[in-house]
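Hi,

Here is the structure I promised to pass on. Have a look first, and my notes follow below.

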Amino acid sequence: MSTPVLSVRDLRVSFPSEAGLVDAVRGVDFDLLPGRTLGIVGESGSGKSVTSLAVMGLLPEYAAVSGSITLSGRELLGRSDRQLSKIRGRELAMIFQDPLASLTPIFSVGRQLVEALQVHQDLDRDVARKRAVELLDLVGIPNAATRARSFPHEFSGGMRQRVVIAIAIANDPRLIIADEPTTALDVTVQAQILEVLKLARAETGAALILITHDLGVVAGTADDVLVMYAGRPVEKAPVDELFARPRMPYTIGLLGALPRVDAAARAPLVPIKGNPPLLVDLPPGCPFEPRCPIAIARCADREPELAPVSGTSTSHSAACIRADGIEGGRIDGRPVYPLPPLPESRATALARDQRPTVLELAAVSKTYPLLKGALLKRRIGWVHAVCEVDLDIREGETLGLVGESGCGKTTTLLEIMNLRRPEHGTIRVCGVDVAELRGRDTERDLRRGLQIVFQDPMGSLDPRLTAFDILAEPLRALRAADPAAITRRVEDLMELVGLDPEHSDRFPTAFSGGQRQRIGIARALATRPALVVLDEPVSALDVSVQAGVINLLNELKAELGLSYLFVAHDLSVVRYISDRVAVMYLGRIVEIGPVDEVFDDPRHPYTEALLSAIPVPDPQVERTRERVLLRGDLASPTDSSPGCRFVSRCPLHLTLDSTQQARCRNETPVLTGRANTDHRNACHFR
Amino acid sequence: MTANIPGLEPLIDDMAAPSEVKGRGARRTHLSRRRLYLRRFLRNRGALVGLAVLSVLIVFALFGSVLTIYTYTDVDFANLSSAPSPEHLFGTNGAGNDTYAQAVHGLQRSLVIALVVSALTTTIAAFVGAAAAYLGGLAEKIILEVIHFLLVVPAFLILALVSQRAHGDWSVLILVLTMFGWMFSARVVWSLATSLREREYVQAARYMGVGRIRIVVRHLIPNIGSLLIVSFTLGVVATVQSETALSFIGFGVQPPDVSLGTMLSDGANTVSSAPWLFYFPASLVTLLTVSMALIGDGLRDALDPTSRSGGRA
């Protein structure tokens, strides 16, 4: 038994605020052994980042910190900033979420690495420079010697995060803290970075604290998991134990709220009702009690301590007085979270090709000129944002449009929403060709059938309007009805999305994120549209809230016979909600088909890689899964030469002989299907 | 996404159980926005003080003349530069005019000029700036060119010449002050509105088929409301100053008409020998501007949904 690198005892952090003292962290204890990874998970505001900042000593001065943090036997709390600076970077390293913000834009990455080395070690310049190049090479930066002279903005997000990791491990730290290191990155890049993190840990033998909201990432990377809620750890266990036998109702809820990319069965998701508590003057009792489905009277009396759970040999502890009775997500034989019924759709009773088409895109392209020059702009090329996209959505159907950032998803959406003649091709909405729209009245009529829900639930609602006015706006804009009818409709809409019509005179700030997104959905439904475009509707929400919104979308679809165009980067959510899915890469659709066929039997190498990159919240599956790691990042969308756009990253391409490779480079593949299924892909050899 | 930061916490619980007790249609009708704003404004004590002071000033300007037998043009040769007395409440000036009567009249004049000019410039600035930002393209370019051209025109000189030719007619003064007063705030409004037009709710409105003018009026202008209110209150102060400056060099309100500006410039010369000639109009100007500022603060808080009273209807 080795001694822990880091031990934290009864850590408490509070911040003063106008409303009173905010107890952001209320008693955290843990030990971290060398070479181990601790995953800290929790929703926003659960205190996970504040805990890590406290360990780093990076909290603002007005924060009151108490307890004890010892790193290799030395107490960190109470040290001056100057003393801590000697330890930070040398023994403690931190990796932040935003790699652009954590690198200085005015120095080359090599120079920043050299600085990190020289601050803590007595190295001469040349040795440090050599070491810097070695480090960049280690974290997988190609041509490290040349790239060391590049500036941060010349790297992509994933490459920048690699540089940050290189700086973090420069001085062989004992402990690396990674705070949401992959949240800002695309899934294929996330998979690469998680590999680099594992490598970095193996290389330095350091302990790693991984802070994330993504249970899938934790399942694949961590050894132990600490679940935090309202500033306190509520469950702590080795990763297998936690995912297999969660004991705290909150953990069970989090796991149940998560759709899985590897599951075809459509069990309804379990949302946790309510919102996390405000950390000011918390009442006695368990902070989860108001949201807990199995709360009993005794729960409100006293806050339960994190105590070992009986019946397990491992170090599994939970902060719940009923933890001992919970086994496999059930208590006393009944599930902790009763499953809501799964809605049954009427529209899907008919076969797909017998249902009317609500949206049809044929060979739609969109290019942007690439301009150069400060005063006189001259065009030096075209960005092919969307290139010959064909899509169709039938009534009562959900099409998921997926792909990494920069693949043209949003441009496609805008092309549809603008209702203008596209550069090339045709767009037909509810059977009407938008190129033939004349006059504002016909456009308005078509808008009635086509509505959109945006990603950011705060930004898409005008803060100056009350919920009533927000919902009434589309009705008024479309000259729909008289005031009495509008009032009635707004009340119906509020009820439809599960909000109390009494609250319709409140401003958006009074609602929580999930509730605001419900208002956004209600607004889209106000005109009884046939097609709703959902632009990342749940990506800004916490997991437990997200589940509720996804369930709502499913219910509405079944109840109202809606069609959705669902754009998202989270493939688990896409699989859960979609009937069909289209995978985009650099402006082109590379694979399209029924969702289960595409996810279970991906044919295009890109789809394969994308799917294997998604972390699954199950440590067993994570360990055994074969991962197709893509090299590099998205290629430039300005290239218009023929050939497959994926060729530079394609793992299949490498296995082909030279004549086949030539075909990849010279002939643009088209979407073709095997036999007569409508599962088609754009690869010559699949 | 749920921020549990004090002051930003969601104030509404999820609908636990829809109250079945009340039948459909029996619900409380939703509160109109105007009543909501009024209620929130009335909760602000400073704003109420400001409103009270402004009301007193307005009442004073309208009905103050009943407390004196003199009009502002009457001359009392028995009392030249006399200190305040029961007969002349605020004293008299060197020409024997009753300062109280002049203050009543001057306040009236200044209030009308300042409020009208400031309201007009703010409205023009809001519409022109927001429309330029929302319309974009060629319209935006032309409007900005006009604004920039007017900004470099020597406005004060033109003001002086025009009001001189109009022989101090105060309605012409209003017109000219308005014409050369709106550009700066329009420029500020434009730059704020350009960031607003990229917001998702503006896009959402466009995709819902809301008309262009309606978007400008309903989404852009209300969201720069606090700026407009501040600009209105400062505009009142600035107009009083402009008018004072013009009157001081003899181009503003012309005798025998008086405004607070002309009284201030007269009183400034005799501030040591006859201080009442300066201090009475000066305190009126101060009360006017302070009350406007308090009202402005209150309005900003009432209209701003993110202020601390936000959300609570």
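**What I found**

Take helix α4 (residues 137-152) of chain B: its 16 residues, at 1.5 Å a residue, should span 22 Å, and the end C-alpha atoms are 23 Å apart, which agrees. (Expected span here is 1.5 Å times one less than the number of residues; helices are DSSP runs of H or I with at least four residues, strands are runs of E with at least two, and both are numbered from the N terminus.)

Before going on, bear in mind that this is a predicted model: local features need pLDDT of at least 70, side-chain atom pairs count only at pLDDT 80 or more, and totals for chains, interfaces and linings use all residues. Residues are numbered from 1 along each chain as its sequence is written, while chains are lettered from A and ligands numbered from 1 in the order in which they are written.

Back to α4(B): the number of buried residues among its 16 is zero, so it lies largely in the open. Buried means that 20 or more other C-beta atoms lie within 10 Å of a residue's own, exposed means 12 or fewer, and partly exposed is in between, with C-beta atoms placed from the backbone.

As for the rest of chain B, it has twelve helices and zero strands. Of its 313 residues, 42% are buried.

Chain A is split into domain 1 (34-60 + 79-222), domain 2 (251-335) and domain 3 (347-449 + 529-592); the bounds come from an automatic or database domain assignment. The centres of domain 2 and domain 3 of chain A, taken over C-alpha atoms, are 38 Å apart.

Cheers
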